[in-house]
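I opened this notebook page to record what I looked up, entry by entry, in the structure shown below.

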Amino acid sequence: METIYFDNNATTAVDPLVLDAMLPYFKDLYGNPSSIHHKGAQVAEALKKARNSLASLLGCDPGEIVYTSCGTESDNTAIWSALFTQPEKRRLVTSKVEHSAVVNLASFLRQQNYQVTEVGVDRQGRLDWEGFKASLTPDTAIVSLHWANNETGVLFPVEEAAELCREKGIIFHTDAVQAVGKIPIDLKKTKIDMLSLSGHKLHAPKGIGALFVRNGLKFAPFLIGGHQERGRRGGTENVPYIVGLGIAAELATKRVKEENVRVKALRDKLEQSLLKISYTSVNGDKENRLPNTTNISFEHLQSDSILFMLSQEGICASSGSACTSGSLDPSHVLRAMGTSYSAAQGSIRLSLAITNTEEEVDKALKLFPQIIDKLRDQSPAWKDGSPTK
Ligand SMILES: *Cc1c(COP(=O)(O)O)cnc(C)c1O
């Protein structure tokens with residue numbers, strides 16, 4: 001059976017060019033980049049090149065990049081750093097729809113007697129701007145808002161939010177794990193102080209991430225150890241993965257346009273056709289959204305049943321975040337948006353990538369109506385004509 005992979009917000013396939021570039025660093029090129037001898041120097045040179053590639057994708061200085069082990073570590077590092085360096089300020093301002101890397105850190109901090117404000121969103125998942133402005137109190141150490149939501153693809157106005165924070169002397173961090181590679185980013189033109197990204201969301205492997213830390217920003221390392229990453233993260237650099245992320249960044253720089261034209265057209269075709277099925281709707285602002293993501297509710301159905309049937313046909317999708325699936329509670333993102341219970345229960349996320357083709361979309365579109373009809377026929381509530389409660 002052929003796999004059709006529409007779950008690229010959970011993780012992406014490692015690009016073959018990325019893997020090829022990594023392999024020598026598991027073989028002959030095993031030096032420690034901190035070593036003085038030529039085995040070290042070779043590798044230090046590769047690190048430098050990779051850092052340049054990532055910096056050019058982000059529009060920042062290479063020295064502003066700190067490599068980490070994942071997006072989660074980058075998010076944690078940013079928030080801890082802001083709290084450590086400003087002990088007199090004890091508030092974190094974030095939103096109700098962040099990834100668990102921020103949501104669960106926020107609830108941990110609350111238990112440690114930090115103050116946390118979680119700004120809400122409207123029915124379309126857009127940030128409550130007035131609520132956000134009102135949340136910026138003098139005791140705020142850091143604002144952390146994601147650039148793009150992993151479940152709906154909705155984009156937050158992070159550039160405007162960063163400007164406002166700069167005026168008020170508040171550090172601004174964005175979790176851009178879903179945005180990097182999918183929309184153009186030019187950090188030099190923004191007031192963003194810190195930005196998190198993760199390799200495996202842009203065709204590099206799992207286990208490598210990065211944090212952009214603006215030059216001059218007061219910073220406290222999360223991992224204290226050697227002088228690596230200019231003292232901003234101890235631990236010998238994960239050279240093969242950093243090299244892989246460098247190639248992934250080069251590819252993303254070249255492909256961001258295709259992402260916004262071809263991939264977007266595929267997403268739109270998929271979405272528009274699925275909306276012809278009865279009792280369906282899109283969750284999230286259709287205008288300000290990632291080009292690859294759609295989140296669709298099939299009312300009176302359980303998303304797990306849909307996902308199971310899709311999987312039997314080789315189609316990979318997900319309900320909201322892979323980190324929270326397995327629980328029957330509707331996603332915290334859809335709940336924050338005020339999505340009805342019935343719509344939230346039957347919501348699935350389809351997230352495409354450069355690796356997808358029109359043939360795959362067409363094949364999925366043939367299968368979908370059959371699957372939905374079959375499941376609805378089996379649903380007592382659907383047959384009674386009474387919506388599930
Ligand atoms: C995937 C994801 C993360 C976590 O990244 P990891 O590398 O898996 O730790 C954080 N934030 C968002 C928005 C994500 O989509």
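I am working on a predicted model, in which local features need pLDDT of at least 70 and side-chain atom pairs count only at pLDDT 80 or more, while totals for chains, interfaces and linings use all residues. Residues are numbered from 1 along each chain as its sequence is written, and side-chain values use heavy atoms, with hydrogens and water left out.

**Salt bridges.** I searched the whole structure and found 18 salt bridges. One that I looked up pairs E229 with R51, whose closest N and O atoms are 2.8 Å apart. E229 belongs to helix 7 (residues 228–231) and R51 to helix 2 (residues 38–58), so this pair ties together parts that are 178 residues apart in sequence; helices here are DSSP runs of H or I with at least four residues, strands are runs of E with at least two, and both are numbered from the N terminus.

**Domains.** I took the bounds from an automatic or database domain assignment, which gives domain 1 as 4–11 + 255–378 and domain 2 as 16–251. Their centres, taken over C-alpha atoms, are 27 Å apart. I then noted that 32 residues from domain 1 and 31 residues from domain 2 take part in the contact, where contact means heavy atoms within 4.5 Å.

**Interface.** Between them the two domains bury about 2600 Å², 54% of it on carbon and sulfur atoms; this is the accessible area (1.4 Å probe) lost when the two parts are put together, summed over both. On the domain 1 side, R255, L290 and M337 lose the most area to domain 2, together 22% of what that side buries. How many salt bridges cross the interface of domain 1 and domain 2? I found zero by the rule, but 16 residue pairs in polar contact, both residues at pLDDT 80 or more. For a polar contact I required a pair of N or O atoms within 3.5 Å; within protein, one must be able to donate a hydrogen and the other to accept it, and residues adjacent in sequence count only if both atoms are side-chain atoms.

**Ligand.** Among the residues that surround the ligand I listed C70, H99, N150, D175, H200 and K201, using a heavy atom within 4 Å as the criterion. A polar side-chain atom of D175 lies 2.6 Å from a ligand nitrogen atom. For ligand oxygen atoms, I noted 2.9 Å to an N or O atom in the side chain of H200 and 2.8 Å to a polar side-chain atom of K201.

Note on methods. Salt bridge = Lys/Arg side-chain N within 4 Å of Asp/Glu carboxyl O.
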